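The sequence and structure come first.

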Amino acid sequence: MNRSEPAQEQGPSARPAAATLEFREATKIYPGQDDPAVDALSLTVPAGEICVLVGPSGCGKTTAMRMVNRMIDITSGDILLDGRSVRERRPAELRREIGYAIQQIGLFPHLTVADNIATVPRLLGWPKDRTRARVDQLLELVSLDPADTRDRYPAQLSGGQRQRVGVARALAADPPLMLMDEPFGAIDPINRERLQNEFLRLQKEIRKTVVFVTHDIDEAIKMGDRIAVLQRGGKLAQYAPPAELLMYPNGRFVEDFVGADRALKRLALQRVRDIDLWKAPLVRVGEPVADARRKVQDSDVPYPLLVDADGRPLGWLSERALTGERVTEDLRSKAEPAVELDDVLRDALSDLLANEAQYGPVLDARGAVAGVLSLEIIGHALQEPPEQVRSGADALAADG
Amino acid sequence: MTTTYAFLGEFGDALQFIFQGETTREGAEVGGSQFLDLTWEHLKLSGVSMAIACAISIPLGLWLGHIRRGSFLAISLSNVGRAVPSLALIAFFVAYLGTGFANLTLSLVLLAIPPILTNTYVSVTQVERDTVDAARGMGMTGAEIVRKVELPLALPLIFGGIRISAVNVIATATIAPLAGINTLGDPIINVSGYGDTGRLAAAICVAALAIFTELTLGAVQRAVTPAGLKLEPDTASRRMRIRFGREATT
Amino acid sequence: MLDLIAQVQIQDRSSGDASCVADNGFCPSWIVDNLNRYTDPLLQHVYLTIVSLAIGFAISFGLALIAHRRRWLVAPITQITGVLYTLPSIAVFFLLLPITGRGNTTAIIALVAYSLLIIFRNIIAGLDNVPAETKDAGRGMGLTDRQLLWRVELPLALPEILAGLRIAATTTVGLATLAFFAGAGGLGERIFEDIVFKSNVVTAGALAVLLAAAFDVVILIVQRAVTPWARARAS
């Protein structure tokens with residue numbers, strides 16, 4: 001999927017929908033301190049991609065993000081937005097072009113949801129009806145009912161709703177770049193997962209360039225097209241797509257930071273449908289035993305899998321089922337675990353281990369057997385070069 | 001008039017009046033040492049009133065705060081207290097009970113109670129529940145909690161209340177001559193005996209007395225603030241500032 | 001001292017229940033008949049209060065805006081206005097006499113001086129209590145400092161600002177009862193004129209208390225009207 005081109009223009013803005021962001025030796029030294037908070041950070045975020053800045057607390061990830069919209073002034077080096085230095089822009093004007101969402105959300109408690117979202121459009125002097133239409137469009141985009149939500153105050157919303165309004169507000173003027181500072185950090189795990197998925201789905205539609213700050217490596221792997229791991233002192237340790245980061249951490253620090261279970265984490269980036277499955281020896285009741293035996297020989301699986309008329313698995317056949325002329329319904333074991341094509345490999349592996357099984361049938365959307373997944377195949381998947389592995393955003397988008 | 005304070009104009013005359021006194025056309029000695037008597041009377045009236053007010057409001061405030069009841073009483077008392085003009089209060093007592101030291105003291109006590117009571121109450125309820133809980137967990141009795149935990153932590157704010165009341169009482173004692181007690185207000189209300197210079201001199205004395213009281217009690221307030229609270233000036237002062245508008249006045 | 005009291009019993013008590021009035025009693029009929037005697041002092045009282053509050057608010061507001069962006073100014077301004085707050089108004093009336101003479105000006109200066117600390121401190125506290133993340137979000141969306149102040153910080157500080165104004169209003173009504181010492185009239189003048197006559201004291205005193213309560217309620221209503229979000233809770 002080619003994302004380097006700006007996505008086509010959509011929404012009411014005439015600006016390109018995504019911008020390229022480039023850090024060039026960007027450095028921040030706070031007054032009165034010797035050591036830089038961000039040390040000569042250089043990296044490029046292609047238009048339309050999510051770049052996650054991740055690292056332990058005090059690594060300068062938030063500082064790096066806040067230098068982009070000049071909430072923090074750059075000490076030396078530069079940051080370019082579509083090739084133009086942010087240093088030569090007036091801060092207020094620059095910020096109106098950059099979406100901004102923070103963990104504490106920071107909704108204006110004295111303004112209604114609609115007025116909150118309309119903040120930047122009004123600063124930009126949009127006509128009233130255009131602003132109003134945009135507010136409703138955004139509320140729908142973040143899965144809130146405009147008629148119900150529009151006139152409420154932030155105090156009347158749940159935490160998840162507030163976060164959605166925060167994202168809608170950041171998107172209001174259709175900015176080519178979004179800055180998000182742990183936007184889901186204060187949400188409980190279940191809702192966080194939902195908001196993450198929603199945002200990835202949203203991103204598939206709007207294709208913004210996003211700088212996303214988090215301290216949670218799992219969130220980074222899930223959200224990022226590219227991940228920049230920062231270490232204390234604001235040094236960039238590694239900048240790579242998630243799969244590459246997990247497979248080839250370039251040093252002790254990154255290795256420790258991504259965790260000892262990085263291989264497992266990597267499995268979370270791949271789906272069952274993405275890898276080559278074993279062919280399943282599918283047999284039906286009443287089929288000649290000779291055919292069944294041939295199918296088993298052609299396959300990597302030692303036992304035939306009995307399926308019904310629609311191809312749904314009934315169970316693994318025993319030796320006795322193959323003793324007569326025709327296959328009988330004599331099962332060795334049930335066809336468990338049944339894995340689905342859309343499952344991520346990590347979950348599929350977990351299912352296999354939980355059932356103490358070496359392999360299990362993979363079902364397609366209709367429930368019919370599409371192949372067999374085994375521990376061996378999963379082992380091979382880990383060897384696959386990272387460029388073949390999709391990012392979390394793509395994997396989720398593939399659900400579509 | 002030979003004067004050391006001539007360059008101050010009328011204020012100079014007033015200062016001379018305070019320190020040297022002068023003789024009226026009728027031959028009476030006014031100003032000078034006579035001002036000492038008036039000041040003494042002023043302080044006595046204020047001091048007695050404040051002592052009684054403290055004796056009533058601090059224990060009551062501590063108790064209400066400790067049991068965390070009576071917030072309505074403590075809060076509305078301070079609102080009502082503000083709305084009743086001191087002149088109206090004193091006039092009411094004079095009209096119904098007559099003049100005299102006791103009646104006047106009673107009215108000043110009523111004037112002084114609300115800020116002290118409210119501040120005491122609020123300061124005790126502001127002591128972190130966790131702190132009180134920890135004290136209880138260590139086996140302190142209710143009285144010990146009040147004495148060893150709540151009171152020390154509440155003292156700064158209590159003194160804030162005392163400060164407000166004291167300055168207010170000193171200011172109001174100026175109109176005490178209306179109730180028959182000769183304080184520094186005498187030259188102000190009974191102008192004929194002292195002249196304009198005497199009146200200005202009295203005003204200077206009252207102002208000085210109020211400032212002196214404020215500064216002294218301010219120093220005491222800082223002295224009684226537990227060292228641990230001074231270390232977190234941000235939270236302590238911030239909390240007090242917040243309270244300023246809502247419940248207590250510091 | 002009794003001379004003094006006799007001396008100030010100068011007012012006309014010609015109407016109403018003669019014996020009650022002669023006893024300095026509380027005489028409803030006299031009060032009804034003489035209510036109009038209190039109209040002008042009441043209006044004068046209202047005038048003093050409103051003008052003093054308006055000027056006091058304007059000065060405090062200006063000071064607060066200046067100090068808001070220059071934090072180091074908060075302490076000195078608090079100290080100076082603190083001294084003005086500490087000075088007894090009655091003393092200030094006479095301290096000002098040689099400079100501004102008798103009349104409304106002197107009274108208003110003293111009342112304004114007293115209100116500055118109350119209003120200033122509440123505005124600063126209100127601005128300080130605006131959540132940091134709200135300001136951060138506002139700035140991050142491209143509000144200039146001025147826009148942030150007028151569109152976010154001040155609206156959010158309104159409850160505390162108006163709470164300060166309420167305290168200042170009730171206090172000013174009370175202090176304005178002493179304004180007659182500066183020759184500015186008001187309800188205090190009526191009280192002072194006949195301090196032993198219960199009907200007079202109660203009427204003038206009650207009007208002063210009611211006036212204070214009225215200011216309090218009016219500002220409270222304004223506060224509720226302009227801060228609808230403050231009562232919005234999850235339904």
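What area is buried between chain C and chain A, and what percentage of it do carbon and sulfur atoms give? In this predicted model, about 2000 Å² is buried between chain C and chain A, and carbon and sulfur atoms give 66% of that area. The contact involves 22 residues of chain C and 24 residues of chain A.

Polar links across this interface can be listed as well. Six residue pairs are in polar contact between chain C and chain A, counting pairs with both residues at pLDDT 80 or more. Two elements of chain C, helix H8 (132–140) and helix H9 (145–176), each give two or more residues to the side that touches chain A. H8(C) supplies the largest share of that side, with seven residues. Sorted by class, the side of chain C that touches chain A holds 10 nonpolar, seven polar and five charged residues.

The rule finds one salt bridge across the interface of chain C and chain A. The side chains that meet in a salt bridge there are those of C:Asp136 and A:Arg66, at 2.7 Å from N to O.

Over all chains, the count of salt bridges by this rule comes to 33.

| A:Arg66 | C:Asp136 | 2.7 Å |

Which parts of chain C does the pair of C:Asp128 and C:Arg71 tie together? C:Asp128 lies in helix H7 (residues 104–128) of chain C, while C:Arg71 lies in the loop between helix H4 (39–69) and helix H5 (74–86) of that chain. The pair therefore ties together parts that are 57 residues apart in sequence. C:Asp128 counts as buried, at 17% relative accessibility, and C:Arg71 is partly exposed, with a relative accessible area of 39%.

In chain A, is A:Arg70 buried or exposed? A:Arg70 counts as buried because its relative accessibility is 16%, and the cut-off for buried is under 20%.

Terms used:
Residues are numbered from 1 along each chain as its sequence is written. Chains are lettered from A and ligands numbered from 1 in the order in which they are written. This is a predicted model: local features need pLDDT of at least 70, side-chain atom pairs count only at pLDDT 80 or more; totals for chains, interfaces and linings use all residues. Side-chain values use heavy atoms; hydrogens and water are left out. Contact means heavy atoms within 4.5 Å. Buried area is the accessible area (1.4 Å probe) that two parts lose on being put together, summed over both. A salt bridge is a side-chain nitrogen of Lys or Arg within 4 Å of a carboxyl oxygen of Asp or Glu. A polar contact is a pair of N or O atoms within 3.5 Å; within protein, one must be able to donate a hydrogen and the other to accept it, and residues adjacent in sequence count only if both atoms are side-chain atoms. Helices (H or I, at least four residues) and strands (E, at least two) are DSSP runs, numbered from the N terminus. Ala, Val, Leu, Ile, Met, Phe, Trp, Tyr, Cys and Pro count as nonpolar, Asp, Glu, Lys and Arg as charged, and the others, Gly among them, as polar. Buried means under 20% relative accessible area, exposed over 50%, partly exposed in between (1.4 Å probe, protein chains only).
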